[in-house]
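Please read it with the sequence and the structure side by side.

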Amino acid sequence: MNIILFGPPGAGKGTQAKFLIEKYNIIQLSTGDMLREAIKSGSELGKSLSLIMDKGDLVSDKIIMSIIEEKIDKDDCKNGMILDGFPRTLNQANELDELLNSKKIIIDYIIELTVDENLLINRIEKRAEENLDIRNDDTVDILKNRILVYKNDTLPVLKYYKDKNRLISINGMQSIEKVSNDLYKTIGEV
Ligand code: AMP
C-alpha cells in the first residue's frame with residue numbers, strides 16, 4: 001500500500017508517518033531525511049544542500065527526483081511506502097506521475113494534514129522555548145519561510161490532486177491519537 005502524506009512544517013507528519021509504518025508494515029521515504037543523510041556525509045553536495053535547507057528553501061527538483069528514483073527501485077518499497085515531504089512542487093508531482101506509470105506503481109491514498117498557520121507558529125515557538133528537538137531549520141523565522149514556501153510551491157500540488165479527486169484531508173489540529181485514528185479509519189485494516 002502506497003501513501004503520499006502532506007502537511008505544512010510542524011503539522012506532525014513525521015510522527016504520524018512513524019505510526020503508519022508500524023501499523024501497515026510499510027516504509028517511509030522522507031526526502032528531508034535523505035537530504036540530511038547526504039549532509040552528514042560531508043560531501044560538497046551536502047554542503048550546498050545545507051545552505052539551502054538551513055534557510056528553509058527548496059532543493060532543486062533535479063536532485064530530489066534523482067534520490068527518489070533511486071529509492072523507489074529498492075526491494076524494501078515493495079510492500080508499500082509513505083512518501084513524506086515529496087512531491088513539494090508541481091514539477092515534482094508531474095515527474096512522480098511519470099515515474100509511477102513507468103514502474104506500474106499505484107498510490108492508494110493521498111492525504112493532507114491540515115493545520116492553521118498560527119497554531120504551527122505557536123507549536124514551533126513552544127518547541128524553541130523548551131529547547132526540544134531543535135533542527136537547524138526549526139527557528140521561528142525559518143519556519144515562517146518554510147510555511148511561505150509550502151503555500152507558494154506545495155499548495156498548487158494539493159490543488160493538482162484535489163482536482164483529480166484524489167485528496168483526502170484530515171484535521172491535523174486534533175490530538176495526536178485522534179489524527180492517527182482518522183488516518184487508520186481512512187486507510188482501514190489491511
Ligand atoms: P522536511 O524534513 O521534509 O521538512 O525537509 C527539510 C528540508 O529539506 C526542506 O525545508 C527543503 O529544504 C528540503 N526538502 C525536503 N524535501 C524536499 C522536496 N521534495 N523538494 C525540495 N526540497 C525538499
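**The ligand and its surroundings**

Sorted by class, the residues that form the shell around the ligand comprise 6 nonpolar, 4 polar and 6 charged residues. The coordinates belong to a predicted model, and the values below are to be read as computed from that model.

*Ligand shell*

- There are 16 residues around the ligand, and those that come nearest are Thr31, Asp57, Gly85, Gln92 and Arg146.
- Among the elements of secondary structure, helix α2, which spans residues 31–40, gives the most to the shell around the ligand, contributing 4 residues.

*Ligand contacts with the backbone*

- For Asp57, which is one of the residues that come nearest to the ligand, a polar backbone atom is found 2.5 Å from an oxygen atom of the ligand.
- A polar backbone atom of Val59 lies 3.1 Å from a nitrogen atom of the ligand.
- Gly85, also listed with the residues that come nearest, places a backbone N or O atom 2.9 Å from a nitrogen atom of the ligand.
- The ligand taken alone exposes 480 Å², and 96% of that area is buried by the protein.

*The sheet and the helix across it*

- The 5 strands form an open sheet in the order β2-β3-β1-β4-β5, and their pairing is parallel.
- Strands β2 (27–30) and β5 (167–171) stand at the edges with a single partner strand each, so one side of each of them is left without a neighbour in the sheet.
- From one strand to the next, the twist of this sheet averages 25°.
- Within the sheet, strand β1 (residues 2–6) pairs with strand β3 (residues 81–84) in the parallel sense over 4 bridges, and Ile3 has Ile82 in β3 as its bridge partner.
- Helix α1, made up of residues 13–24, lies across β1, β2, β3 and β4 (109–114), and the helix runs at about 175° to β3.

*Val140 and its contacts*

- Val140 belongs to helix α7, which covers residues 140–163.
- When the neighbours within four places in sequence are left aside, Val140 is in contact with Ile121, Ile124 and Glu125.
- Val140 and Ser102 are separated by 38 residues in sequence, and their C-alpha atoms are 41 Å apart in space.

*Backbone geometry in the loops*

- The peptide bond that joins Phe86 and Pro87 is cis, with omega at about -5°, and Pro87 is found in the loop between β3 and α5 (90–103).
- Lys104 has a positive phi of about 55° although this residue is not a glycine, and Lys104 is located in the loop between α5 and β4.

Definitions and conventions:
Residues are numbered from 1 along each chain as its sequence is written. This is a predicted model: local features need pLDDT of at least 70, side-chain atom pairs count only at pLDDT 80 or more; totals for chains, interfaces and linings use all residues. Side-chain values use heavy atoms; hydrogens and water are left out. A residue is near a molecule or strand if one of its heavy atoms lies within 4 Å of it. A polar contact is a pair of N or O atoms within 3.5 Å; within protein, one must be able to donate a hydrogen and the other to accept it, and residues adjacent in sequence count only if both atoms are side-chain atoms. Accessible areas come from the Shrake-Rupley method with a 1.4 Å probe; for residues, only the protein chains shown count as cover. Helices (H or I, at least four residues) and strands (E, at least two) are DSSP runs, numbered from the N terminus. Ala, Val, Leu, Ile, Met, Phe, Trp, Tyr, Cys and Pro count as nonpolar, Asp, Glu, Lys and Arg as charged, and the others, Gly among them, as polar. Two strands pair if DSSP finds at least two bridges between them. Axes are lines fitted to C-alpha atoms, for helices over the stretch in contact, and angles run from 0 to 180 degrees between N-to-C directions. Contact means heavy atoms within 4.5 Å.
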